[in-house]
Amino acid sequence: MKVVNHEGKGRILWAMNGCNYKVAIGGSLSNSLMTLARLSDISIGGHALSVAMAGSVGSDSLTGFYRAELHQKNVNFHSQFFKDGTTETKRVLTTLDARCTMLIYQGTSASNCDSSLVGMVSKINIIVVEGYLFELLYRIKPILRLCEEAGGTSALIAVTTSNVSYKEEFY
C-alpha cells in the first residue's frame, strides 16, 4: 500500500491509459456498510436497521458515482461535499499471478473532517469507524468525540482493522 499525491494520481491514470480496468466501490468501511445493509430487515432495539455513511468527499463526479452505488446497496449517504474537493480513490493493481499493489490518493479526506455524525448519535445503533483514519492524527479527536457521544447511548462501536498493526498502534 502506498499513498500518492495529486501528481502521482495523474501519473497512474496516464500509465493506465489503454489498459483494461474496472471502477467499483469498496474498501473496508464501504464493504462493511454494504454487508450491514444486507441485514436491513433485522430489527435492533425495535427499529429497522438503516445504514448510512458519512465522511469527507469532494464535489467531483466520483462522489456522484459513489453515492449512487451505495444507494443501490441500501446505504444512505450523509456526507457534506467539500467544494472543489476531490474524492479519495484507491487503485488496486493486480498482476496475472494475483499480486496486488494499492495506490491511495486521499483527496479531500486528507485535509477535511465531516463532523455531521456527532449530531446524529442519538439515532445511531452501530458506528463503524474506518481504521485507516487513525493514521491521520487530526482525525483522532473527532473520532473520540463521536465515540464519547455514543457512550451515552446504547450504540455499538466497531473499527475496521484492515491493517493488523492498528490494534497495537491505536488501541
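The model is predicted.

## Overall make-up

The chain holds 5 helices and 11 strands. Of its 171 residues, 32% are buried. Contacts with a separation of 6 or more are counted here: residues 24 or more positions apart account for 68% of them.

The chain exposes about 11,100 Å². Carbon and sulfur atoms supply 55% of that area.

Strand 1 pairs with strand 9 (residues 100–105) in the parallel sense, over 3 bridges. In this pairing Lys2 stands opposite Leu103 of strand 9.

## The hairpin

Strand 8 and strand 9 run antiparallel, joined by 6 bridges. Leu93 stands opposite Thr101 in strand 9. The two strands form a hairpin, with 5 residues between them. Ala98 lies in the turn and has a positive phi of about 70°.

## The largest nonpolar core

The largest nonpolar core has 14 residues. Which of them touch the most other members? They are Leu33, Val51, Met53, Tyr66, Leu70, Val75 and Phe77. Helix 2 gives the most, with 4 residues.

Leu33 shows how the parts meet. Leaving aside neighbours within four places in sequence, Leu33 is in contact with Val51, Ala52, Met53, Val75 and Val128. Another core lies apart from the largest one. This other core has 10 residues, among them Ile124, Val129, Ile143 and Leu146.

## Helix 2 and its buried face

Which residues of helix 2 are buried? They are Leu29, Ser30, Leu33, Met34 and Ala37. Seen down the axis of helix 2, these buried residues fall within an arc of 130°, so they line one face of the helix. An α-helix has 3.6 residues a turn, so residues three or four places apart point the same way.

The buried residues of helix 2 have several packing partners. These are strand 4, helix 3, strand 6 and strand 10 (126–129).

## Positive phi in two loops

Asn74 is not a glycine, yet has a positive phi of about 65°. Asn74 is found in the loop between helix 3 and strand 6.

Asp84 also has a positive phi of about 65° and is not a glycine. Where does Asp84 lie? Asp84 is in the loop between strand 7 (81–82) and strand 8. Is Asp84 buried or exposed? Its relative accessibility is 67%, so Asp84 counts as exposed, the cut-off being over 50%.

Technical notes
Residues numbered from 1 in each chain as written. Predicted model: local features only at pLDDT ≥ 70, side-chain atom pairs only at ≥ 80, totals over all residues. Heavy atoms only, no water. Core = buried A, V, L, I, M, F, W, Y, C linked by side-chain atoms within 4.5 Å. Buried < 20%, exposed > 50% of the residue type's maximum accessible area, 1.4 Å probe, protein only. Contact = heavy atoms within 4.5 Å. Areas by Shrake-Rupley, 256 points an atom, 1.4 Å probe, with all protein chains shown as cover. Arc of directions from axis to C-beta. Pairing = 2+ DSSP bridges.
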